[in-house]
Amino acid sequence: MVKFSVKDLNIWFGQIQALKNVSLGIEANEILSIIGPSNSGKTSFLRMLNRLNDLSPGFKTKGSLELDQEDIKKIDVEDLRKRVGMVFALPLPLPLSIFDNIAYGIKMHGLKSRAKISAIVERALKQAYLWDEVKDRLNVSAFKLSGGQQQRLCIARTLAVEPEVILFDEPCSGLDPISTAKVEEAMLKLKKDYTIVLVTNNVKQAARVGDRTAFFLSGELVELDRTEKIFTAPGDQRTDGYIRGKFG
Amino acid sequence: MRNTRRSQKIAFFFLFLATLLIVIPVGLIVVIIFQKGLPAINWQFLSDMPRQGMRAGGIYPAIIGTLYLVLGAIVFALPIGLLAAIYLSEYAKDNLLNRIIKLAIVNLSGVPSVVYGLFGLALFVVFLKFGASILSGSLTLGIMILPIIITTSREALESVPQSFREVSLSLGASKWQTIRHIVLPNAIPGVLTGTILGLGRAAGETAPILFTVAAFYLPQLPKSIFDQAMALPYHLYVISTQVPNVDEKVRYGTALVLLTLVLFMNLVAIIIRYNFRKKKKW
């Protein structure tokens, strides 16, 4: 089943074109990895999916982008962002306690029952493999956690909203290998229930977790295929060059 | 090598000198006011009505008048200023009109206070028929400190990291929820700084209250916001220039009370701000 369907997507920030005629489909319950050098448009693409680009000055777009066969511009933007969650490149806890970070989304959506909120917070923290480390200090500031813990907190915060799709924007760029492994483990478990789009600078990470991998270069989609295929027999020379580390 | 060290020493000397040039006059003013004013301060001076044509007795009505005026100015200017700042920093698009508005607000804080006084006289006292009253004076002072409050509040709002807004929005919160629950709580210390500056200025200005509220001599307390009132800065002006043979220590005593009042209000605001900062979690 196709979750996201993208056709001839072009976007601009002021005079600069960040994406050029990108067309692709994202399947439900897959992990789609997006790789490519800096400025290749992969993060801009990701931020299209939850309309976060709308916040950037001078942003313009052309082409079609559908979630479950519905034009995302026709979906109420807050509803869209409930359905399409995001984990950012750097761990970005809100200046609140651990508990309130996780509870923030559902509270904003109007959930009042203290018991239900607590249950959701616990479930989300368990899903992100953080519960055991923080269960005794839920009222401590989220900034007291280590970087890796903070990033898992951000994943838990996204999960608490129960989205259908989770966007990961280079989620491990600031993390050590052990924290990275934990985040990757969480992603692989999550794909059963969620559709995951992972933008990463780490080619090996794409190879480890992605079902399919897309290679972006200068705002264009060069190639999209099953991950084994991309890493063993890429169809395009530029893809081959990038994953071998010849440029980028 | 030796040259670098020498130019560093010279630079340090001038930087230090400049700082000293600022600190010494301020320090002197405070010392002189304390030295000459302190002997006048006693309970009667603070709690009694002025007597013998303001040459004796106390300055109680002027203290109360100034407190009312400052309170009125803040009650009027803080909510309006904060709301305007939220609009300008969070909602207003970056276009020519809004840039002109922002520039105009910054420049308004440079307008001489006597101009505000004249404006208050025309609008509140005459046109709206509030008369010379605490209401007119408070509104005039409020308008005078609005630019300070708007500018500092805007800076405070804009210094809240953009990433917090993105995170909040990405979780499906609305723009207003993001402002209300994330941006505003983290901007409060900065907003209070603006309020501190505004308070001090409102308490100390003479010109805006000259035409709109200040009574030359009124040995009773105001009964409503439509009454005239005495105020410390104007009282100080009156006993220094308009009334002959006022004892020097009465004048300096009045100055000392005004100074202490402003410092005390600032102190309260600083303590509030400190407590918010302590809670700040990033």
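**View 1. The open sheet of chain A.** In this predicted model, in which local features need pLDDT of at least 70, side-chain atom pairs count only at pLDDT 80 or more, and totals for chains, interfaces and linings use all residues, an open sheet of 6 strands in chain A has the order β6-β7-β8-β3-β9-β10, with mixed pairing. Strands (E, at least two residues) and helices (H or I, at least four) are DSSP runs numbered from the N terminus, and two strands pair if DSSP finds at least two bridges between them. Because β6 and β10 (220–226) of chain A stand at the edges with a single partner strand each, one side of each is left without a neighbour in the sheet. From one strand to the next, the twist averages 20°, with axes taken as lines fitted to C-alpha atoms, for helices over the stretch in contact, and angles running from 0 to 180 degrees between N-to-C directions. Residues are numbered from 1 along each chain as its sequence is written, while chains are lettered from A and ligands numbered from 1 in the order in which they are written.

**View 2. Strands β3 and β9 of chain A, with helix α1.** Strand β3 (residues 31–35) and strand β9 (residues 212–217) of chain A run parallel and are joined by 4 bridges; A:Leu32 has A:Arg212 of β9(A) as its bridge partner. Helix α1 (residues 42–49) of chain A packs on the sheet, where it touches β3, β6, β7 (165–169), β8 (195–199) and β9 of chain A, and its direction makes about 150° with that of β8(A).

**View 3. The side of chain A that touches chain B.** The contact, counted between residues whose C-beta atoms, placed from the backbone, lie within 7 Å, takes 21 residues from chain A and 18 residues from chain B. On the side of chain A, α2 (77–83), β6 (84–87) and α3 (98–108) each supply at least two residues.

**View 4. Helix α3 of chain A and its cover.** In α3(A), which is mostly covered, 9 of the 11 residues are buried, meaning that 20 or more other C-beta atoms, placed from the backbone, lie within 10 Å of the residue's own. Among these buried residues are A:Ile98, A:Asp100, A:Tyr104 and A:Met108. Their cover includes α4 (114–127), α5 (131–134) and α6 (147–160) of chain A, together with α8 (175–204) of chain B. Just after α3(A), A:Gly110 takes a positive phi of about 105°.

Note on methods. Contact = placed C-beta atoms within 7 Å. Buried ≥ 20, exposed ≤ 12 C-beta atoms within 10 Å, placed from the backbone.
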